[in-house]
Amino acid sequence: MSPRAPAGPRGTVGLHEFIVMANEEVARDAYRLEISSSVSQGLEAGQFINVAVPGDASHILRIPLSFSRTDPANACVELFYAIVGEGTRRLSAMRAGAVSTAVGPCGKGWRLPDEPAARCLLVAGGIGLPPIFAAAEMLARAGVRFDAIVGAQTEAKLVFPLIHDLERLVADDCRVVVATDDGSSGSKGFTTTVMERLVSEHAYGCVYTCGPEIMMRGIAAIAARGRIACQASLERMMGCGFGACGGCNVPLISGGYASCCMDGPVFDAKAVAW
Ligand SMILES: Cc1cc2nc3c(=O)[nH]c(=O)nc-3n(C[C@H](O)[C@H](O)[C@H](O)COP(=O)(O)OP(=O)(O)OC[C@H]3O[C@@H](n4cnc5c(N)ncnc54)[C@H](O)[C@@H]3O)c2cc1C
Ligand code: FES
């Protein structure tokens, strides 16, 4: 694979062409998208890219997507997305060889825990799994041990290819716990219930979470009660994606707002007015 657009300085946000290498359904209404693009060069775990989907001139907003993995040597980025509306539906129709553009790397991503020797806990809900997988790779590379909880409404919505790869990343004495709301796979119930059990068994140094906001609010509350640091990757509707429109505001405990696109998407959960 070779990049189609020249790479900007590492980490500098820019406009990059991409070519679709693969785009296939991997769970109910969830797709794995692999692109070849120079945007791969500067991406850090937890950052996102803003993808243009061609085919409808009235749809001018780009789609913000987190990534699960990058392979800068081969200019490759892997993303997973759920079909929720018109843009993601048209994205799912892009075939291998289709071209478009992505803006990135965008936002601020995950940080390593302050205490590297401590065990961490990752909690993903639904299509929040891709950035959690990127966090897992970041932690594994740094030699930080972690458990992971992966939740979905039902088995058909679990992104198994990514879950299996996550299982390969955890240390021998750690584990990945799957939970579904209806009990069709793994534990029956919410990720918060599993987290309550795990925090009673282990002393965690930091929690990393991404998923539906209501889930992250619960995860943040359990972490706060246990005095565990918590980083949360938030989702907002995004207009511009670079801090100009004020459309992606996140209310803060200290008063005022931060922008999800520039100050986030990863926030210290204690700072967010959930
Ligand atoms: C930083 C960031 C990273 C993201 N990463 C991923 C990812 O890795 N995989 C993935 O599947 N999705 C991800 N999303 C969400 C994704 O961007 C939206 O699902 C997508 O933009 C919807 O576009 P659409 O045109 O299909 O839907 P639209 O027609 O625009 O909207 C359909 C419905 O989804 C709601 N919606 C749209 N965008 C958002 C949003 N950003 N937050 C909450 N609700 C929204 C709308 O209110 C509407 O109800 C991310 C969002 C952000 C902000
Ligand atoms: S999307 Fe415009 S300020 Fe964040």
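1. Domain bounds here come from an automatic or database domain assignment, and on that basis the lining of the second largest pocket draws at least three residues from each of domain 1 (14–106) and domain 2 (119–233). The model is predicted, so local features need pLDDT of at least 70 and side-chain atom pairs pLDDT 80 or more, while totals for chains, interfaces and linings use all residues. Residues are numbered from 1 along each chain as its sequence is written, chains are lettered from A and ligands numbered from 1 in the order written, and side-chain values use heavy atoms, without hydrogens or water.

2. Of its 14 lining residues, Leu-43, Glu-44, Ala-45, Thr-70 and Arg-141 are the closest to the centre, where lining means having an atom within 4 Å of a point.

3. By class the lining of the second largest pocket holds 7 nonpolar, 2 polar and 5 charged residues, with Ala, Val, Leu, Ile, Met, Phe, Trp, Tyr, Cys and Pro as nonpolar, Asp, Glu, Lys and Arg as charged, and the others, including Gly, as polar.

4. Ligand 1 is surrounded by 20 residues, of which Pro-64, Ala-82, Gly-87, Thr-88 and Arg-236 are the closest, a residue being counted if one of its heavy atoms lies within 4 Å. Strand E4 (63–66), strand E6 (76–82) and helix H1 (86–92) each supply at least two residues of the shell around ligand 1, and the largest share, 4 residues, comes from E4. The shell around ligand 1 divides into 12 nonpolar, 5 polar and 3 charged residues.

5. Which residues make polar contacts (pairs of N or O atoms within 3.5 Å) with ligand 1 through the backbone, and which through a side chain? A backbone N or O atom of Ala-82 lies 2.7 Å from an oxygen atom of the ligand, and a polar backbone atom of Gly-87 is 2.9 Å from a ligand oxygen. From its side chain, Glu-235 places an N or O atom 3.1 Å from a nitrogen atom of ligand 1. Of the 870 Å² of accessible area that ligand 1 has on its own, the protein covers 74%, by the Shrake-Rupley method with a 1.4 Å probe.

6. There are 2 cavities of 30 Å³ or more, a cavity being a set of grid points where a 1.4 Å probe fits but cannot get out. The second largest cavity contains about 40 Å³ of space, and its lining includes Gly-126, Leu-129, Val-150, Lys-157 and Ile-163. Strand E9 (residues 146–152) gives the most to this lining, with 3 residues, and the classes for the second largest cavity are 6 nonpolar, 2 polar and 1 charged.

7. A cis peptide bond, with omega about -5°, joins Gly-104 and Pro-105, and Pro-105 is found in strand E7 (residues 99–106). Another cis peptide bond joins Gly-264 and Pro-265, with omega about 15°; Pro-265 is found in the loop between strand E15 (257–259) and strand E16 (266–268). Asp-29, a residue other than glycine, has a positive phi near 60°, and its place is in the loop between strand E1 (14–27) and strand E2 (30–37).

Note on methods
1 Å grid on protein atoms, 1.4 Å probe; cavity = no way out; pocket = protein on both sides within 12 Å on 5 of 7 lines; lining within 4 Å. Polar contact = N/O pair within 3.5 Å; in protein donor to acceptor, adjacent residues only side chain to side chain. Points joined across faces, edges and corners; volume = space filled by probe spheres on them.
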